Amino acid sequence: MSNSSNTHETVLTGGEPRESMRVLPAFVQPYLTWVTGVPLKGGKQLIPWSPLKAGLLGTAQIAAGIALGAHALHPFTAWSPVLLLLGWLLTGGGMRRLDVVVVHQTLHRMFTKKAWSNRLVGELITTLFWRTPYDENRKEHLAHHAFPCSMKDGDTRYLLSTGMRPGMTRSRFRRYLWGALFSPRHHARFLFNRITSNFIGVKPRYRLAMSLAYLAATVAFITLTGWWQEWLVLWLVPASVFFQACTYLYTMTEHRWWLFGNQERLPRDQRDLLTFGRFCGEAVPADSVTGVRRAGAWAKWTFRMLVVHSSYRMFVLVGDTVQHDLHHVMPACDWANSPWIRADDQDNRPERYTEVWGSLADHLQAAGQVEGDRAGLPEDVTPTPWEKSVPVATGAVTPDGRTVKGRL
């Protein structure tokens, strides 16, 4: 497959939304860089980030969510449901930040400089959040990098088990999405697998001891304080339903899962196309819009940036995950400062990057090829038909997307 520079110049015109924001005051530019995931061309980085700062930010977000939830409960007022929902989202998003940013980098031994300290950080966080222990987690994640979007990739099998398949109509995709997002069975199975991974067949033995000690400490804390209701509402709810919902949405948008039929072996240019920059935002209103329409356009743009896109970045697309394509191109890069690293590398190697601008809905549609969505793809790329994909060809999944029991 040919990826000429001219083709990618066409594809990457989507980067213009961030440049259109150059007209806004300087004091809002750091926020716009954060929410979009893209710095202005030639812009200077205001705050250098580090792995430690990324970890502290996730911890602070969890603390803020729990504090807000506690405030909502005592006393319970008419505003409490709204504050409690926001607290759940903050806590769940903070947990996701520690999981998908910090733990993820420990698996690549890129959070600290030593293998043992990466393991220590990874084991502590995965114990607290009932996630897969470090060794098994690392094994699965390295398989994801070696065979992305294939049937050897656990995330591919997970999405297939939820009923996902490419080419759905928008209405059918919405029904599938909402059904999986709020499915009690989906969440129960997800939580059950998380908990059992900490207590059944756990290796090494110290990890089982950590899980048992954490369980004992939790029971002792609830017994001594009597705060079982607070624990259920302020910890268990965000650690289960909200954490898992955010994980599901994040995983759905992480790759163009079905682009090349879930094949195991792909040339580099095709592997690069499996991942894209998930940039959040849209261009500011054009100068040609005037009068009342201009005021309305700016009000809509401001609302979407402050509410729609910022919520997505705070709760789902946290940390450096907006530049996940950079991680697959350069896993050993300075990930804490990925917006600037990606921008520099894209200037040097534009053929290795594609991007999709918009909201969570846009990224879901692009990743899921909803109604043949080709956002961000070069014109000369031909997706593999679902009927010829590996899951269907091997009989693991039927053409209509239903999984065959015992085959995944």
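This is a predicted model: local features need pLDDT of at least 70, side-chain atom pairs count only at pLDDT 80 or more; totals for chains, interfaces and linings use all residues.

Student: How do helix H4 and helix H12 cross, and is the crossing right-handed or left-handed?

Tutor: Two packed helices are described by the angle between their axes and the distance between the axes. For H4 (residues 51-73) and H12 (residues 228-254), the axes come within 10 Å and cross at roughly 140 degrees. That angle makes H4 oblique to H12. The crossing of H4 and H12 is right-handed.

Student: Which residues of H12 make the contact with H4?

Tutor: On the side of H4, the contact is made by Ile62, Ile66, Gly69, Ala70 and Leu73. By class, the residues of this contact between H4 and H12 are 7 nonpolar, 1 polar and no charged. The partners in H12 are Val233, Leu234 and Trp235.

Student: How many charged residues are in the contact of helix H3 with helix H14?

Tutor: H3 (residues 29-36) and H14 (residues 291-315) pack at about 55 degrees, with axes 9 Å apart. Tyr31, Leu32, Trp34, Val35 and Thr36 of H3 take part, and the residues of H14 include Trp301, His309 and Arg313. The contact of H3 with H14 divides into 8 nonpolar, 3 polar and, as charged residues, 1.

Student: How many nonpolar residues are in the contact of H9 with H12?

Tutor: H9 and H12 pack at an angle of about 145 degrees, and their axes are 10 Å apart. Phe173, Tyr176, Leu177, Ala180 and Leu181 in H9 meet Ala245, Tyr248, Leu249 and Met252 in H12. The contact of H9 with H12 has no polar and no charged residues, and its nonpolar residues number 9.

Student: Which residue caps the N-terminal end of helix H8?

Tutor: H8 covers residues 154-161, and its buried residues are Thr156, Tyr158, Leu159 and Leu160. What covers them includes H9, H10, H12 and H18. At the N-terminal end of H8, a side-chain oxygen lies 3.0 Å from the backbone nitrogen of Asp155, and the residue that supplies this oxygen is Asp153.

Student: Is His104 buried or exposed?

Tutor: His104 is placed in helix H5 (residues 80-107). Leaving aside neighbours within four places in sequence, His104 is in contact with Asp99, His141, His145, His324 and His327. A residue under 20% relative accessible area counts as buried. His104 has a relative accessibility of 9%, and therefore counts as buried.

Student: What is omega near for the peptide bond from Lys203 to Pro204?

Tutor: Most residues other than glycine have a negative phi, and most peptide bonds are trans. The bond from His74 to Pro75 is cis, with omega near 0 degrees, and Pro75 is in the loop between H4 and H5. Pro204 lies in the loop between H10 and H11. The bond from Lys203 to Pro204 is also cis, with omega near -5 degrees.

Student: What is the relative accessible area of Glu371?

Tutor: Phi of Glu371 is near 50 degrees, a positive value in a residue other than glycine. Glu371 is found in the loop between H17 and H18. Glu371 is partly exposed, with a relative accessible area of 45%.

Student: Is Asn262 buried or exposed?

Tutor: Asn262 is found in the loop between H12 and H13. Phi of Asn262 is positive, near 60 degrees. At 2% relative accessibility, Asn262 counts as buried.

Definitions and conventions: Residues are numbered from 1 along each chain as its sequence is written. Side-chain values use heavy atoms; hydrogens and water are left out. Axes are lines fitted to C-alpha atoms, for helices over the stretch in contact, and angles run from 0 to 180 degrees between N-to-C directions. Helices (H or I, at least four residues) and strands (E, at least two) are DSSP runs, numbered from the N terminus. Angles under 35 degrees count as roughly parallel, over 145 as roughly antiparallel, 65 to 115 as roughly perpendicular and the rest as oblique. A crossing is left-handed if the near helix is turned anticlockwise from the far one by less than a right angle, and right-handed if clockwise. Contact means heavy atoms within 4.5 Å. Ala, Val, Leu, Ile, Met, Phe, Trp, Tyr, Cys and Pro count as nonpolar, Asp, Glu, Lys and Arg as charged, and the others, Gly among them, as polar. Buried means under 20% relative accessible area, exposed over 50%, partly exposed in between (1.4 Å probe, protein chains only). A polar contact is a pair of N or O atoms within 3.5 Å; within protein, one must be able to donate a hydrogen and the other to accept it, and residues adjacent in sequence count only if both atoms are side-chain atoms.
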